[in-house]
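Hi everyone, thanks for coming. Let me bring the model up on the screen, and then we can walk through a few parts of it together.

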Amino acid sequence: MRTAWQRAELLFCLFVVVVLALALWTSLGWSPRAGLFPWVVLVPTLALALWQLIDDARGKTAPPAAALGEAGEAVPLEQDLPAGEMARRGAGVAGWILGFFVAIWLLGFPLGGGLASAAYLRIAARERWPVCLGYGLGAYVVLELFFRQLLAIPFADGVLFEWLGLELPFGG
Amino acid sequence: MLEAFLYGLVSVFQWPAFGLMLLGIAIGFAVGILPGLGGAVTLALMLPFTFTMQPVEAFAFLLGMLSVTATTGDITSVLFGVPGEATTAATILDGYPMTKRGEAGRALGAALMSSLVGAVIGAFALAAVIPVVQPLVLSLGTPEFFMLAIVGITFVASLSSGAVRRGLIAGGLGLLLSFVGLDPQSGTQRFTFGLLYLWEGVSLIPVTIGLFAVPEIIELAVKGTSIAERRVGEIGGVLQGVKDTFRYWGVTVRCSLLGTFVGMIPGLGGSIAQWLAYAHAVQSSPDKSRFGQGDVRGVLGPGAANNSKEGGNLITTVAFGIPSTVVMAILLGAFLIQGLVPGPDMLTKNLHITFSLVWIIVVTNIITVGVCFLFLNQLVKITYVRAHLLVPFLILLIFIGAFTTNNTHLDLLVMLAFGALGYAMVTLGWPRPPLVLGLVLGKLAETYLYLSVGRYGWEWLFRPLVIVLLLIALAAVCYPTLAAWRGRKWDLSRLGGR
């Protein structure tokens with residue numbers, strides 16, 4: 001019976017093998033001049049990945065020690081939360097990071113960043129409204145005035161404004 | 001010679017050169033701390049302001065700014081796990097785990113002091129090596145540069161934290177990433193999927209931020225505590241970090257010299273200096289098990305090399321007019337603006353200006369480290385702020401850092417993809433540094449290999465220095481495996497004895 005970690009390791013290793021195999025297969029169509037170095041690297045790497053996959057499939061791989069003790073001994077991971085809860089929270093945070101990206105892409109860096117920050121604090125962190133609004137406004141001001149105006153970083157305008165044909169005073 | 005050396009020192013402290021140096025330090029401080037704002041961009045932006053300045057004033061301003069970015073870039077790497085500069089990413093590996101353990105002060109103390117030592121060694125190497133550097137650099141050809149890159153790649157085994165096979169696979173994946181883009185020999189598109197964006201290859205910064213910063217932010221948000229999980233004596237021993245620099249004196253000096261040497265080689269750049277120094281710190285240490293979990297030697301090595309490389313970079317720029325990095329190419333522009341021609345003149349007629357460069361690096365680093373130590377108390381307190389308040393700030397920081405690489409949203413997608421990969425690797429215990437090393441050195445190795453074969457056929461394999469470097473590479477691959485085997489044998493014999 002495999003543990004959740006071993007299943008995840010097996011899946012990840014399979015993913016690596018597939019990526020390397022596809023890369024090797026693609027590179028076979030290149031001229032020797034363009035393909036020589038990639039072949040020299042990809043063939044042994046794929047062989048090693050297959051070896052790793054076989055070990056994983058046979059359940060030979062153990063989870064990493066999370067930490068080392070004072071004398072350098074392996075110490076098991078001390079988790080305050082059950083693994084399921086950790087995974088659920090991890091997925092939630094990953095979702096928020098994606099949300100920041102979508103907000104920035106749609107509304108531009110200053111506005112999207114400011115709004116996403118305020119939304120994160122209100123929804124995920126349950127902070128009070130004044131803190132959320134102050135934080136969001138501060139983020140907008142820093143991104144707009146400092147990064148865009150003063151340092152002239154060419155933040156692209158949000159695509160939403162392009163689609164709607166709108167123009168903000170400073171851009172997205 | 002001595003007169004020029006002293007005149008160089010005096011000219012740095014003359015007005016307005018000193019004032020301009022302080023201004024450069026202030027700008028460099030901000031640039032180093034803010035992710036995505038690189039030294040090269042800032043140098044290019046500031047270059048036009050030097051038209052009306054005297055040579056020493058211009059270099060006090062530009063070089064002062066440049067020297068500081070390398071030092072302060074380590075601060076965000078240590079405090080947040082987000083590299084302030086592309087060249088300070090290796091500091092994260094042990095600096096950030098130290099911060100999480102409540103030892104941010106010690107990590108910063110070590111990073112800053114090793115940076116200062118590295119800068120001083122690099123600067124004086126510039127002064128000392130100039131008379132002999134010409135035959136040294138000219139004796140190295142593309143075969144030796146190729147072998148140096150191979151030696152760097154073989155450090156993968158040392159960076160694998162005990163999981164050598166998985167480390168080698170990760171290194172192979174890094175090399176695979178380095179193949180993305182147009183093949184420099186034939187112009188063939190490799191792994192570009194028809195996207196123009198990928199013609200230039202995969203940028204290092206989004207990959208590094210994704211691999212290292214994203215998993216840390218997820219972990220921080222999941223735990224919901226502050227970055228520092230416990231407090232160790234308020235500022236966690238800044239003085240201890242300073243002492244560590246001298247306690248592990250060998251690591252600091254060797255990594256400084258390594259950084260200087262790498263800095264001298266055109267095309268190698270700061271990221272490579274730092275990663276090689278980290279690999280050397282791991283490899284030369286008898287106890288490797290603590291690296292990656294907060295070993296101060298993992299901070300000292302990259303910190304020293306990152307600053308010493310500036311002296312090395314300047315050696316070839318000043319002596320031959322060969323800029324070894326983009327930053328040095330821009331600085332070369334400053335030389336030409338000032339009417340200075342790099343080469344023999346800089347070693348004879350303008351020797352005092354060359355020595356003033358040495359002193360500028362030394363003085364700016366002393367001032368920067370002094371100022372940093374004054375504010376460390378305040379900086380370290382950031383790590384005690386609640387995670388919920390830090391997370392949006394850090395997410396914005398990584399997005400800005402990734403975006404400013406090429407000013408395109410596609411870099412954000414690359415960062416997110418590598419964030420997912422990095423999270424999986426951390427969770428499953430796959431080492432991440434080999435992947436970065438493969439990406440950094442892959443293209444370089446391939447280019448030098450083709451140049452070597454094109455120029456020397458296969459005779460280059462028999463050049464004496466190539467053979468020496470090949471032996472070093474073989475030793476670097478075999479040593480960790482042999483050491484692990486001997487360790488297992490020793491354990492078994494002990495168990496048998498019981």
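Predicted model: local features only at pLDDT ≥ 70, side-chain atom pairs only at ≥ 80, totals over all residues.

Residues are numbered from 1 along each chain as its sequence is written, with chains lettered from A and ligands numbered from 1 in the order in which they are written.

So, chain B. Its secondary structure comes to 21 helices and two strands; these are DSSP runs numbered from the N terminus, helices being H or I with at least four residues and strands E with at least two. Of its 498 residues, 60% are buried, meaning 20 or more other C-beta atoms within 10 Å of a residue's own, with C-beta atoms placed from the backbone.

Now look at helix 9 (residues 204-223) and helix 19 (residues 410-428) of chain B: their axes come within 7 Å and cross at roughly 55°. Axes here are lines fitted to C-alpha atoms over the stretch in contact, with angles from 0 to 180 degrees between N-to-C directions.

Finally, the two chains: 48 residues of chain A are in contact with 40 residues of chain B, contact being C-beta atoms, placed from the backbone, within 7 Å. Chain A's side has 36 nonpolar, eight polar and four charged residues. Here nonpolar is Ala, Val, Leu, Ile, Met, Phe, Trp, Tyr, Cys and Pro, charged is Asp, Glu, Lys and Arg, and polar is the others, Gly among them.

Definitions and conventions: Buried ≥ 20, exposed ≤ 12 C-beta atoms within 10 Å, placed from the backbone.
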